Amino acid sequence: MAGRVSLTLNNGSFVLSPPPKSTTTMSSSLRTTTAASRLIRSSSSRSTLTLSASTSLSFARSLVSSPLLSSSSFAQKRCRVASVNRSFSSTAATKCSASSDPDQLKNAREDIKELLNSKFCHPILVRLGWHDAGTYNKNIKEWPQRGGANGSLRFDIELKHAANAGLVNALNLIKDIKEKYSGITYADLFQLASATAIEEAGGPKIPMKYGRVDASGPEDCPEEGRLPDAGPPSPANHLREVFYRMGLDDKDIVALSGAHTLGRSRPERSGWGKPETKYTKEGPGAPGGQSWTPEWLKFDNSYFKEIKEKRDEDLLVLPTDAAIFEDSSFKVYAEKYAADQDAFFKDYAVAHAKLSNLGAQFNPPEGIVI
């Protein structure tokens, strides 16, 4: 007798189980078709379909292309082939080739806005999205080995990279949102949180798209060293080496540097900055650190103005910050943005969207706009 394979639908996830020692085959394709229809209709509960070994693979393939699965309850959900461990730091992996649910993306965006209003966590959510995407290497064609916005930052091995110090706090902040909206990939959630933080801080509307596919496990994480360093021997050359590798240019580098108008540097995490200043000693949020601007939760062009003037010792200027006014090519854009906030916002929105798409694999290929 042919062995049988169990195809289980569990909360929208298909799981293929190995055949048991004792099996009984289904006797006709009619019974298979009927069972399949019954399986799909009962998506809200756990259903198991037993197939003969000779027909199970072809049937599983037919489910993927079945028009029944293009209904609103399935087409926008995830297509999972392993059980999900919802812990961000778990090494358990979920492989997903389906796009995020547009309605869940919209609802999650509203929850992120509430989180920002209560926790004042705009800077760290911006950093979360950047650091997931910023590992992209344009010289590597294979996904996910090329890095980029694929959600791999959720795994411990990458989270422990020195450049990602403190980002575990960002993951903890959005953990409940991810659990609430399981139809959103990690890669999309990281970029949604980052763009929403910019917009809610007063920045430009970012022309985002979604539908990023998640990296499946820790083995997909990039090696350490792909993110920029704050104090390299040759700051301008270092910035170009890192961002050119991503396929970005000098204008992108300077525009993206302007996001330092948000946030603080904490010496216990990065080794840079003062423990506290007159601008940070009372928060909002956890007090301490050194900011680049006096109003470090407001997105504007003050970063460029402050770096240019260098008059306030309580404001941070990293070697890579100083480089945008010292390098002749960078300086053209830095001067422009210091004088014209609208020009900065326009170029920043383009650069941020470009960064958020780096290395991503989209399903559908054109992405989803919400």
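Which residues does Asp 327 touch, not counting residues up to four places away in sequence? In this predicted model, the answer is Ala 236 and Arg 240. Asp 327 sits in the loop between helix 12 (319–326) and helix 13 (328–339). Its relative accessible area is 17%. The cut-off for burial is under 20%, so Asp 327 counts as buried. Arg 240 also takes part in a contact with a ring. This residue lies over the face of Phe 330, at 4.1 Å from the ring centre.

The chain as a whole gives the setting. It has 370 residues, and 53% of them are buried. The secondary structure consists of 14 helices and 5 strands. Contacts between residues at least 6 apart in sequence were also examined; of these, 70% join residues at least 24 apart.

Helix 12 is mostly covered, with 6 of its 8 residues buried. The buried residues are Thr 320, Asp 321, Ala 322, Ala 323, Ile 324 and Phe 325. Their cover includes helix 8, helix 9, helix 11 and helix 13.

Helix 8 contributes Pro 235, Ala 236 and Leu 239 to the contact, and helix 12 contributes Pro 319, Thr 320 and Ala 323.

On the helix 9 side, the residues are Lys 251, Asp 252, Ala 255 and Leu 256. They meet Phe 344, Asp 347, Tyr 348, Ala 351, His 352, Lys 354 and Leu 355 in helix 14.

Helix 14 also supplies aromatic rings. The structure holds 10 aromatic pairs. Phe 299 and Phe 345 form one that is tilted, at 5.6 Å centre to centre and 55 degrees between the planes. The pair links distant parts of the chain, 46 residues apart. Phe 299 belongs to the loop between strand 5 (290–291) and helix 11 (302–309), and Phe 345 belongs to helix 14 (residues 341–357). Both Phe 299 and Phe 345 are buried.

Phe 299 also pairs with Tyr 348. This pair is tilted as well, at 5.0 Å centre to centre and 55 degrees between the planes. Phe 299 is in the loop between strand 5 and helix 11, and Tyr 348 is in helix 14, so the pair ties together parts that are 49 residues apart in sequence. Phe 299 is buried, with a relative accessible area of 2%. For Tyr 348, also buried, the value is 0%. Ring pairs join Phe 299, Tyr 303, Phe 304, Tyr 337, Phe 344, Phe 345 and Tyr 348 into a cluster.

The largest nonpolar core has 72 residues. Leu 125, Phe 299, Phe 304 and Tyr 348 touch the most other members. The largest share of this core, 8 residues, comes from helix 7 (residues 186–200). In soluble globular proteins, nonpolar side chains tend to be buried together.

Neighbours within four places in sequence are left aside here. Phe 304 is in contact with Val 254, Gly 258, Ile 324, Phe 325, Ala 334, Tyr 337, Ala 338 and Phe 344. Among these, Ile 324 and Phe 325 are buried residues of helix 12.

Lys 113 is found in helix 3 (residues 102–119). Lys 113 is partly exposed, with a relative accessible area of 24%. Leaving aside neighbours within four places in sequence, Lys 113 is in contact with Thr 196 and Glu 200. The C-alpha atoms of Lys 113 and Ala 197 are separated by 7.7 Å, although these residues are 84 apart along the chain. Another lysine, Lys 178, lies over the face of Tyr 186, at 4.5 Å from the ring centre.

Conventions. Residues are numbered from 1 along each chain as its sequence is written. This is a predicted model: local features need pLDDT of at least 70, side-chain atom pairs count only at pLDDT 80 or more; totals for chains, interfaces and linings use all residues. Side-chain values use heavy atoms; hydrogens and water are left out. Rings of Phe, Tyr and Trp (its six-membered ring) pair if their centres lie within 6.5 Å; planes under 30 degrees apart count as stacked, over 60 as edge-to-face and the rest as tilted. Helices (H or I, at least four residues) and strands (E, at least two) are DSSP runs, numbered from the N terminus. Buried means under 20% relative accessible area, exposed over 50%, partly exposed in between (1.4 Å probe, protein chains only). A charge sits over a ring if NZ of Lys or CZ of Arg is within 6 Å of the ring centre and within 35 degrees of the ring normal. A nonpolar core is a set of buried Ala, Val, Leu, Ile, Met, Phe, Trp, Tyr and Cys residues joined through side-chain atoms within 4.5 Å. Contact means heavy atoms within 4.5 Å.
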